[in-house]
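Please look through the structure below with the sequence at hand. The paragraphs after it take up a few places in turn.

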Amino acid sequence: MSFTDKVFRDPVHGYIHVEDEIIYQLINTAEFQRLRRIKQLGTSSFTFHGAEHSRFSHCLGVYHIAKTITDYFTESSFIFWNPEENLVTQCAALLHDVGHGAYSHTFEHLFETDHEAITREIIRSEKTEIGQVLRQVSPDFPDKVASVIAHEYPNPQVTALISSQIDADRMDYLLRDAYYTGAVYGNFDMTRILRFITPIENGIAFRQNGMHAVEDYIVSRYQMYMQVYFHPASRAMEVLLNLLLKRAKFLYPSHKTYFESTSPRLVPFFEGTWVLPDYLHLDDGVTNTYFQTWETSDDKILSDLATFYINRRVFKSVKIDGPSDKRLSNLTELVEAAGFDTDYYTGIHNNFDLPYDDYNPETSRTPIMIMDKKLQLTELSKLSPLVQALTGERFGDSRFYFPKEMLENSVFTDYLQKEDLHS
Ligand code: NI
C-alpha cells in the first residue's frame, strides 16, 4: 500500500505536509507523542498565559522549516547540496528535542539528567519505537541522525541547518513563542529568509537580497530574550520549582514511604537509579499532580513551596551584580531574621544571552555570511550597523529572589534600588 501525504494544521506555518512515511511513523511513536505533554516554554506560561504550546508543535515546526529548505535546495540543484541528505536532515530536525523532559533545565540541575544525551539515546536505542522506525531506513541511520544533533555529522550544510546562529530550530521557536505569548516583537520575515538561503562549501549563506530579513531575525531574537525568555516572574517560578524539588530530594531518604505513595515516578530520580523508561514516564501533568499532593504534606517547607508553585505565588526579586554582590549577605540575614529558612525561601537566578557573535575563537560560533552578486561572502555585522551593535555582547542579568513579605521590611528595602526591583 502506498503512503498518502498527511497534513498538520499549524497556527504558525499553515499546512505542514508530511510526504515521507518514515517521518509520519516517527511522529506516531510513543516517545514523540510524549512531547505533546511537555510545554515548550516551561514556566513562561505563568507570565504569558497564552504560552501553553508544546514541544510537539515546535518539533513539527522545525521539521517543516528543514523540509522547506531541503526541498528548495533540491529543486534548485545547488552544487553544495546533496539531495541524499534530505531525509537525515528532516529526521534530525523533527527529533532534535525529543529528549526534553518536564521542566528540563531545573530537573537537569538537580538530578543530573542531560536532555541532549537522552535525545541521542532515544534515537540510537533498539528498544525505543523511534530507534526501530529509523532502523528501517538502514542499520546505521539512527547513528547518522544522532550525529547531526551532536554537531558531529561530516556534512557542514546539514549541521548548519539544524544547529547554527540561524537554523531551523531558532527560526521556529522565535516565531512560535512570539505567536503564543502574544508578543509583538519576535516576528521576522521567514519566507524571505528561506528564499535567499544558499548552501556554500562550508555551510550555508544568505544572498544579499535577504540581508534585511536576516538582520530583523537577529533583532527579534534579542527582543524575545529580553522581553519574554528573561522575564523576572517566569524565572521566579523556575527558582520556586528548583527549591521545591530540592526540598523533596532532601526529605526523601527519611520519608521514603511518603514519596513512594504520593510521587512514585520521581523515586528513581531521588534514588539516582533512573533509566530511560523512567525518564519517559515523566511529563508536566505527572509532576504537576505530584506537586498538588505535596501541598498537604506535613513538612511545612514542602507544603509551602508546593502551594506557592501551584497558585503562582511568586517570589519577588532584585537585580544584583552576580553572586559576589556585597549586599547579598545582609539581605540573606534579614530574610533569615524574618523567620524564613534561606536555603528554601531565597534563590539566585542568572540569565544571559549572546544574540549574535562574529569571529570569536572562544565561542566557536559560525558567523552568518551574506553573499553578493559576484558570489563574494561578507560577515553580517560588517554590512549591518544594527547587527554590529549587538555583536559579541552578552545581555541579561542576575537576580536575587526573596519572599514577598520582605518588601514590608524597610531595613531590607533600603538596600534595594527601586529600578532594580521586580515586585
Ligand atoms: Ni528546539
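Predicted model: local features only at pLDDT ≥ 70, side-chain atom pairs only at ≥ 80, totals over all residues.

Is Ser-77 buried or exposed? With a relative accessibility of 59%, Ser-77 counts as exposed, because the cut-off for that word is over 50%.

The axes of α3 and α4 are 7 Å apart, and the angle between them is about 160°. The two helices are therefore roughly antiparallel to each other, since angles over 145 degrees count as such. Their crossing is right-handed. On the α3 side the residues that meet α4 include Cys-59, Val-62, Tyr-63, Ala-66, Lys-67 and Thr-70. Among the residues they meet in α4 are Asn-86, Thr-89, Gln-90 and Ala-93.

Lys-67 deserves a separate look. This lysine is part of helix α3. Its relative accessible area is 10%, so Lys-67 is buried. Which residues does Lys-67 touch, not counting residues up to four places away in sequence? They are His-17, Glu-19 and Gln-90. By contrast, 24 Å separates the C-alpha atom of Lys-67 from that of Ile-38, although the two residues are 29 residues apart along the chain.

Which residues are the protein donors of the nickel ion? They are His-58 and His-96, each through NE2, and Asp-97 and Asp-169, each through OD, lying 2.2 Å from the ion. The angles that the four donor atoms subtend around the nickel ion run from 80 to 170°, which makes the arrangement irregular. A tetrahedral arrangement would need all angles to lie between 85 and 135 degrees. Along the sequence, the spacing of the donor residues is H-x37-H-D-x71-D. His-58 lies in helix α3 (residues 55–75), while His-96 lies in the loop between α4 (86–95) and α5 (104–111), so this pair ties together parts that are 38 residues apart in sequence. Both His-58 and His-96 are buried.

Helix α6 (residues 115–124) and helix α8 (residues 141–149) have axes 9 Å apart and pack at an angle of about 165°. That angle makes α6 roughly antiparallel to α8. The crossing of α6 and α8 is right-handed. In the contact, α6 supplies Thr-119, Arg-120, Ile-123 and Arg-124, and α8 supplies Pro-142, Asp-143, Val-145, Ala-146 and Ile-149.

How many of the nine residues of α8 are buried? Seven of them are, and the helix is mostly covered. Phe-141, Ser-147 and Val-148 are among the buried residues of α8. The buried residues of this helix pack against α4, α6, α7 (129–135) and α9 (156–162). After α8 comes His-151, which has a positive phi near 60°.

Definitions and conventions: Residues numbered from 1 in each chain as written. Heavy atoms only, no water. Donors = N, O, S within 2.8 Å, 3.2 Å for Na, K, Ca; no water. Tetrahedral: all angles 85-135°; square planar, octahedral: opposite > 155°, others 65-115°. Helix = DSSP H or I, 4+ residues; strand = E, 2+ residues; numbered from the N terminus. Buried < 20%, exposed > 50% of the residue type's maximum accessible area, 1.4 Å probe, protein only. Axes fitted to C-alpha atoms, helices over the stretch in contact; angles between N-to-C directions. Parallel < 35°, antiparallel > 145°, perpendicular 65-115°, else oblique. Left-handed = near helix turned anticlockwise from the far one by under 90°. Contact = heavy atoms within 4.5 Å.
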